[in-house]
Amino acid sequence: YGIEMDLQLTKDEQVVVFHDTDMKRVCGVPGRICDYTYEELRNFSVYGTDQKIPLFKEALELVDGRVPLIIELKYRNFSNRICEKADEFLKDYKGEYCIESFHPWALMWYRKHRPEIRRGQLAMNFQRQEGNYSPEQIVVRHLLTNFLGRPDFIAYDIRDKEALSKNICRKLFKCPSVAWTVR
């Protein structure tokens, strides 16, 4: 089975594997990954265990190509640094992987710099989930940038499986759709 890894940049631009935007739930501390250097993050434990937030490099070494990876790139603003920094490790990785992101700029970056890598556009109904609806979220929800990023697949929240825009894009771009999170 494949492993999904969410990647974020620390304040000192180290690539770490960490899902949440903020650190409260997992580490019990305020702030976001990007507010701390990697050295500072080493002071926090994951769920009160002796485990620490891993560097992406360490996770790649542990997996060592034995299973496929689904790499989610978490964007900060409109900077491509997460793509550039993650790709420093992925370009020599011998295992199978794809990238995905809610941010269409990640797909555009990979389309331009690494077109051979499979790209997936993540999307969901942000208004239902988060109670707000920014212009960027409207664009992502309705997959309005797919003509630029040309995703190889669309990864959509399973609760929104009947989303009209997702189904139109699937047909228009002839790409499969995968669901998350299925319980």
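## L143, a loop residue

L143 is buried, with a relative accessible area of 3%. Buried means under 20% relative accessible area, exposed means over 50%, and partly exposed lies in between (1.4 Å probe, protein chains only). L143 sits in the loop between helix 7 (135–141) and helix 8 (146–149). Helices here are DSSP runs (H or I, at least four residues), numbered from the N terminus.

Which residues does L143 touch, leaving aside its neighbours within four places in sequence? The contacts are Q121, A123, I154, Y156, S165, K166 and C169. Contact means heavy atoms within 4.5 Å. A123 lies 20 residues from L143 along the chain, and their C-alpha atoms are separated by 7.4 Å.

## About the model

This is a predicted model: local features need pLDDT of at least 70, side-chain atom pairs count only at pLDDT 80 or more, and totals for chains, interfaces and linings use all residues. Residues are numbered from 1 along each chain as its sequence is written, and side-chain values use heavy atoms, with hydrogens and water left out.

## Aromatic pairs

A search of the whole structure finds four aromatic pairs. Rings of Phe, Tyr and Trp (its six-membered ring) pair if their centres lie within 6.5 Å; planes under 30 degrees apart count as stacked, over 60 as edge-to-face and the rest as tilted. One of the pairs is Y36 with F44. Their centres are 5.1 Å apart, with 80° between the planes, and the pair is edge-to-face. Y36 is buried at 16% relative accessibility. F44 is buried too, with a relative accessible area of 16%.

F56 and F89 also pair. Their ring centres are 6.1 Å apart and their planes stand at 90°, so this pair is edge-to-face. It links distant parts of the chain: F56 is in helix 3 (residues 56–63) and F89 is in helix 4, 33 residues apart. F56 is buried at 0% relative accessibility. F89 counts as partly exposed, at 29%.

## Helix 4 against helix 5

Helix 4 (residues 81–90) packs with helix 5 (residues 104–113). The angle is about 50°, and the axes are 11 Å apart. Axes are lines fitted to C-alpha atoms, for helices over the stretch in contact, and angles run from 0 to 180 degrees between N-to-C directions. Helix 4 is therefore oblique to helix 5. Angles under 35 degrees count as roughly parallel, over 145 as roughly antiparallel, 65 to 115 as roughly perpendicular and the rest as oblique.

Helix 4 brings C83, E84, D87 and L90 to the contact, while helix 5 brings A106, W109 and Y110.

Technical notes: Helices (H or I, at least four residues) and strands (E, at least two) are DSSP runs, numbered from the N terminus.
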